[in-house]
Amino acid sequence: MKNPITEQEISVRLRKLPGWSFQDDKLQKSFEFADFRTAMSFLIRVSYEAEQQNHHPEIQNCYNKVSFSLNTHDAGGKVTDKDFSLAGAIDGIAPRAF
């Protein structure tokens, strides 16, 4: 089981991830793109990263909007290092999706 991160540490780490928030024991962020195709391209790129990290986010997509919720199931649904790693990777993919 992965070790959950304290809420205080989560707050500190979120300062390095603009746009991400902590709600309901999850890291969350939404992205908006020019159109559906661009949003889907972004999601495909994120899927490869998620597979590589063996960490799969909750994803919501509606036309050009994509939202992620991240927590670690084998840590009791709490936030761990895995979530911050994937959040950083998602942010790194987003600019290239345009």
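This is a predicted model: local features need pLDDT of at least 70, side-chain atom pairs count only at pLDDT 80 or more; totals for chains, interfaces and linings use all residues.
**Layout**

Next I went through the secondary structure. I find 3 helices and 4 strands. Reading along the sequence, I wrote the pattern down as α-β-β-α-β-β-α.

Then I looked at how far apart in sequence the contacting residues are. Taking contacts between residues at least 6 apart, I see that 68% join residues at least 24 apart.

**Surface and charge**

The accessible surface comes out at about 6,000 Å². Carbon and sulfur atoms hold 49% of that surface.

For charges, I have 12 positive and 13 negative side chains. I also compared where the two sets sit, and their centres lie 4 Å apart.

**Core**

Which residues touch the most other members of the largest nonpolar core? I list Trp-20, Leu-27, Phe-42, Phe-68, Phe-84 and Ile-90, out of 22 residues in that core. The elements giving two or more residues to this core are helix 1 (7-14), strand 2 (26-32), helix 2 (36-53), strand 4 and helix 3. Helix 3 supplies the largest share, with 5 residues.

Setting aside neighbours within four places in sequence, I find Phe-68 in contact with Trp-20, Leu-27, Phe-42 and Ile-90, among others. The Phe-68 contacts also include Gln-28, Lys-29 and Phe-31, then Leu-43 and Val-46. Pro-57, Glu-58 and Ile-59 are on the Phe-68 list too.

**Thr-80**

Last stop was a loop residue. Thr-80 sits between strand 4 (65-70) and helix 3 (81-93). Is Thr-80 buried or exposed? I have Thr-80 at 1% relative accessibility; the cut-off for buried is under 20%, so Thr-80 counts as buried.

What does Thr-80 contact, leaving aside neighbours within four places in sequence? I noted Lys-2, Asn-3, Pro-4 and Ile-5, plus Thr-72 and Ala-75. I also took one distance back to Leu-70: Thr-80 and Leu-70 are 10 residues apart in sequence, and their C-alpha atoms are 9.3 Å apart in space.

Key. Residues are numbered from 1 along each chain as its sequence is written. Side-chain values use heavy atoms; hydrogens and water are left out. Contact means heavy atoms within 4.5 Å. Accessible areas come from the Shrake-Rupley method with a 1.4 Å probe; for residues, only the protein chains shown count as cover. Lys and Arg count as positive and Asp and Glu as negative; His and the chain ends are not counted. The place of a charge is taken as NZ of Lys, CZ of Arg, CG of Asp or CD of Glu. Buried means under 20% relative accessible area, exposed over 50%, partly exposed in between (1.4 Å probe, protein chains only). A nonpolar core is a set of buried Ala, Val, Leu, Ile, Met, Phe, Trp, Tyr and Cys residues joined through side-chain atoms within 4.5 Å.
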